[in-house]
Amino acid sequence: AEFCGFRTFEDVFGSVEKGHCNQGVVPVENSLEGSVAGVWDLFNKFDLKICGEYYLRIRLSLMARNRDINGIKKLYSHPMPLAQCRSWLKSHLPDVAFESVESTSLAAKMAADDPSGAALGSRHLAETLGLSILKEDIEDEPHNVTRFLAVGNSEPRPTGKDKTTLLFFLDHSPGALAGVLSALSQREINVCRIESRPMPMRSWEYLFFVDLEGHREDPAMVYAMSEMETLCVFTKWLGSYPSGDVS
C-alpha cells in the first residue's frame, strides 16, 4: 500500500471521501486519557464506514536535532502525548514551553526545522526525519494503548467476532436513553462503550455514539437496530467490523 500523511484528522476523512485514498486510519481513544477530541464528530460530518479496529501499544520518545536535552527551548506535540508524559516532562523539562499541534508527525517535522525544538512521538518518526532520540519510553504509564479505526467505504463480512458502531439522537425526554439500552439488553447485545458529543447547532443537546458486540447482519442486531429506529429521532450505522486484538 502507498502511505499518505495528512495534517489533520478531518483531512484524512476528506481524502477518503473524495477517493484520493482507499482507507484512512485515525486514533479515537486512549486507555489512559480517553477519547481523542473531535474525531468522533467527523463520523457525523462524513459519510464513511468503519472497516477495522486496531489497538497499538504506545511508546513515546523525546526527539530533537540537538543531542543535548538542556538545549531544548520548545516542545512540539499533539495534546494526547503531552498528557501521557505529564509527570516525566514536569520532572525533566519543567521550564520548556509546550506547543500543541495537530499530530505527532507534524510535531516531529517542526522539531526537525527548529534547532532548539523537540517533539514527542514514535521511534519511527525520529528515524524517518533524521532526529536524535534523547530518551525513550517516557510515557508515565507502561500500559498505554491507543485504539485506532480504519475508515472507508467497504463493508466487512461477519467474522463471528465483530463490533457494530452506531450514532443516534434522542428526544430530550425522561427515559429516552434507558429505552434504547433496554432494547439492546433484551436482545442480549453487549454495549462495549457509549459516549455523548454536543449536537452541532443545538446547544445542550447531544449525539450518542455506541459500540456494540456483534455484526449488523446478526439476527439480534437486526431486530435491535430496527427497534432503535422507532425510539430515536435518527440513527446512523457507522460500520460493522472485526474486533481488534487488545492483548
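## Basis of the values

The model is predicted, and local features need pLDDT of at least 70, side-chain atom pairs count only at pLDDT 80 or more, and totals for chains, interfaces and linings use all residues. Residues are numbered from 1 along each chain as its sequence is written, and side-chain values use heavy atoms, with hydrogens and water left out.

## The largest pocket

The volume of the largest pocket is about 1600 Å³. A pocket is here an open set of points on a 1 Å grid over the protein atoms alone, where a 1.4 Å probe fits, with protein on both sides within 12 Å along at least five of seven lines; lining residues have an atom within 4 Å of a point. Grid points are joined across faces, edges and corners, and the volume is the space filled by probe spheres set on the points.

The lining comprises 44 residues, and F3, V25, T104, S105 and F148 are those nearest the centre of the pocket. At least two lining residues come from each of α1 (9-17), β1 (24-30), β3 (49-57), α3 (79-84), α5 (104-112), α6 (123-129) and β9 (145-152). These elements are DSSP runs numbered from the N terminus (helices: H or I, at least four residues; strands: E, at least two). By residue class, the lining has 21 nonpolar, 17 polar and six charged members. Ala, Val, Leu, Ile, Met, Phe, Trp, Tyr, Cys and Pro count as nonpolar, Asp, Glu, Lys and Arg as charged, and the others, Gly among them, as polar.

## Aromatic pairs

Six aromatic pairs occur in the structure. Rings of Phe, Tyr and Trp (its six-membered ring) pair if their centres lie within 6.5 Å, with planes under 30 degrees apart counted as stacked, over 60 as edge-to-face and the rest as tilted. The pair of W40 and F43 is tilted, because the planes stand at 40°, with the ring centres 5.3 Å apart. Both residues belong to helix α2 (residues 39-45), where they are three residues apart, about one turn of the helix. W40 is buried at a relative accessible area of 1%, and F43 is buried at 1% (buried means under 20%, exposed over 50%, partly exposed in between; 1.4 Å probe, protein chains only).

W40 also forms a tilted pair with F209, at 5.5 Å centre to centre and 45° between the planes. As W40 lies in helix α2 and F209 in strand β12 (residues 206-213), this pair ties together parts 169 residues apart in sequence. F209 is buried, with 1% relative accessibility. Ring pairs join F13, W40, F43, F46 and F209 in a cluster.

## Salt bridges

The model has 18 salt bridges, each a side-chain nitrogen of Lys or Arg within 4 Å of a carboxyl oxygen of Asp or Glu. One of them joins E53 and R147 at 2.7 Å, N to O. E53 is in strand β3 and R147 in strand β9, so the pair ties together parts 94 residues apart in sequence. E53 is buried at 4%, and R147 is buried at 3%.

Another salt bridge joins K74 and E99 at 3.3 Å, N to O. K74 belongs to strand β5 (residues 74-77) and E99 to strand β6 (residues 97-100), so this pair ties together parts 25 residues apart in sequence. K74 is partly exposed at 29%, and E99 is partly exposed at 28%.

In the salt bridge between E195 and R193, the closest N and O atoms are 2.2 Å apart. Shared partners join E29, E53, R147, K163, R193, E195 and D211 into one network of salt bridges.
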